[in-house]
Amino acid sequence: MNANTPLNGANSARPTVTELRLSAFKSHRGAAFPLGPLTLFAGASGSGKSSALQVYEALTRLGAGDDLEAAFPDPAACVPEWAEADRQGRRGFRIGCTVDGPAGPVQLDLAVQAEPELRVVGERLTSGGRTLLTTALRDPGRSSVQAAWHTAGAATVTRAPLPDDRLGTALLPLRVAGKTEGQLRVLAAAEQVVVALRSAFACDPQPQRMREPVAAGEGRLRRGCDNLAEVLHRTRSQCAKRHARLAAAARLGCAGDVADVAVEELGDGTVRALLGRGGARGATPLGRLGEGELRYLALALVLLTGPGVLAMDQAAEVPAAYQSLTVLADGFDRCLDPRQARELVSLAAEMCARGHIRLVGAVTDASYARGVDGVTVVDLVA
């Protein structure tokens, strides 16, 4: 790993994922990756950079309460090729993460059986050298795992069954009373992990779906950014400063003179986005731009906005000041030329330095990012 700057400690008030572990997942074995405010996984095809982002996104879905099938649509593909089946024909994978925050570093580790059926076979939540939660599959014939969590009351441990298709940590706030010091510690650790995992937005702009006009509304930007014009229509009127910053980014990353990023309301009630050229040149509909320009604009908009504009479900019960948005961008530099990639990573570094946003991306070549303050590059070899 090459880190251009030391990893910044997470704001103690904002739970953040600071390490990702792929203990046994696809091509990874015993891998642990520290995550800074802006982390880029770099490497050729097959090096495993997309796998790291897949694990992060899967954990975010589990933290939000989704089941294993939603988090891992193709679980058999997640099993390492070298993993041998046991006598019952069972194979699986192991992943985990560390979350820093008010409760200190909290480690979550998860063992998943992918074959012959998808289920959790073990989960461990630890903090400060103490095991706060463990689960284990005791009876393969039942769709549950036996869980035990720290209590520190009259009974030092509470035991109960939990579903074998969900993340036990995400269920603890509904199961733990919070009456003893031990229970409060378990709750604090579990809630810290859940808040950090839910505070993520996976983004992969699809230029071919961004060219057509869309219905106007108060919608939020979707993962593929196909409703870019709708969101620009909203942000242009609601946040003039950030919209002006987007126009400045467009001038740096789009061909020709750019005076503004505008939105035109059409007669059928739809809207389309335009690059204002200024003077007599008029405007260029975004539908006429190249794929690199469209991806550049979409990612710049994501970096300049926040959860209120993105299609994501943060922990509503936690004040925004205590949450930190993490953008997950596989193929961060896809279709971008070196100039666009350089400008985009500079914008990302600027926004990450402010503390309200983090970025984890996968790139083929990180040469443009080396030397940029605040950027951590993780070099992977196929």
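Visitor: Where is the place of A177?
Guide: First, a heads-up: this is a predicted model, where local features need pLDDT of at least 70, side-chain atom pairs count only at pLDDT 80 or more, and totals for chains, interfaces and linings use all residues. Residues are numbered from 1 along each chain as its sequence is written, while side-chain values use heavy atoms, with hydrogens and water left out. Helices (DSSP runs of H or I, at least four residues) and strands (DSSP runs of E, at least two) are numbered from the N terminus. With those names in hand, A177 is in the loop between α3 (168-175) and α4 (181-198).

Visitor: Is A177 buried or exposed?
Guide: Buried means under 20% relative accessible area, exposed means over 50%, and partly exposed is in between (1.4 Å probe, protein chains only). A177 has a relative accessible area of 54%, so A177 is exposed.

Visitor: Leaving aside neighbours within four places in sequence, which residues is A177 in contact with?
Guide: Contact means heavy atoms within 4.5 Å. Skipping the neighbours within four places in sequence, A177 is in contact with Q183 and L187.

Visitor: And H150, is that buried or exposed?
Guide: H150 lies in strand β9 (residues 144-150). Residues up to four places away aside, H150 touches R130, T131, L132, T156, G182, Q183 and V186. The relative accessibility of H150 is 13%, so H150 counts as buried.

Visitor: Let's talk helices. Which way do α6 and α7 run relative to each other, roughly parallel or roughly antiparallel?
Guide: Axes are lines fitted to C-alpha atoms, for helices over the stretch in contact, with angles from 0 to 180 degrees between N-to-C directions. The axes of α6 (residues 240-253) and α7 (residues 291-304) come within 10 Å and cross at roughly 150°. Under 35 degrees counts as roughly parallel, over 145 as roughly antiparallel, 65 to 115 as roughly perpendicular, and the rest as oblique. That makes α6 and α7 roughly antiparallel.

Visitor: How many nonpolar residues are in the contact of α6 with α7?
Guide: On the α6 side you'll find R242, R245, L246, A249, A250, L252 and G253, meeting E293, Y296, L297, A300, L301 and L304 in α7. Ala, Val, Leu, Ile, Met, Phe, Trp, Tyr, Cys and Pro count as nonpolar, Asp, Glu, Lys and Arg as charged, and the others, Gly among them, as polar. In this contact of α6 with α7, one residue is polar, three are charged, and the nonpolar ones number nine.

Visitor: At roughly what angle do α6 and α8 cross?
Guide: α8 is the helix at residues 338-353, and its axis and that of α6 come within 9 Å. Their crossing angle is roughly 155°.

Visitor: How many residues does the largest nonpolar core have?
Guide: A nonpolar core is a set of buried Ala, Val, Leu, Ile, Met, Phe, Trp, Tyr and Cys residues joined through side-chain atoms within 4.5 Å. In the largest one, L38, L275, F332, V345 and V375 have the most contacts inside it. Its largest share, 10 residues, comes from α7. The residue count of this largest core is 61.

Visitor: What is the phi of C225 near?
Guide: C225 is in the loop between β12 (214-215) and α5 (228-238). With a relative accessible area of 0%, C225 is buried. Its phi is positive in a residue other than glycine, near 60°.
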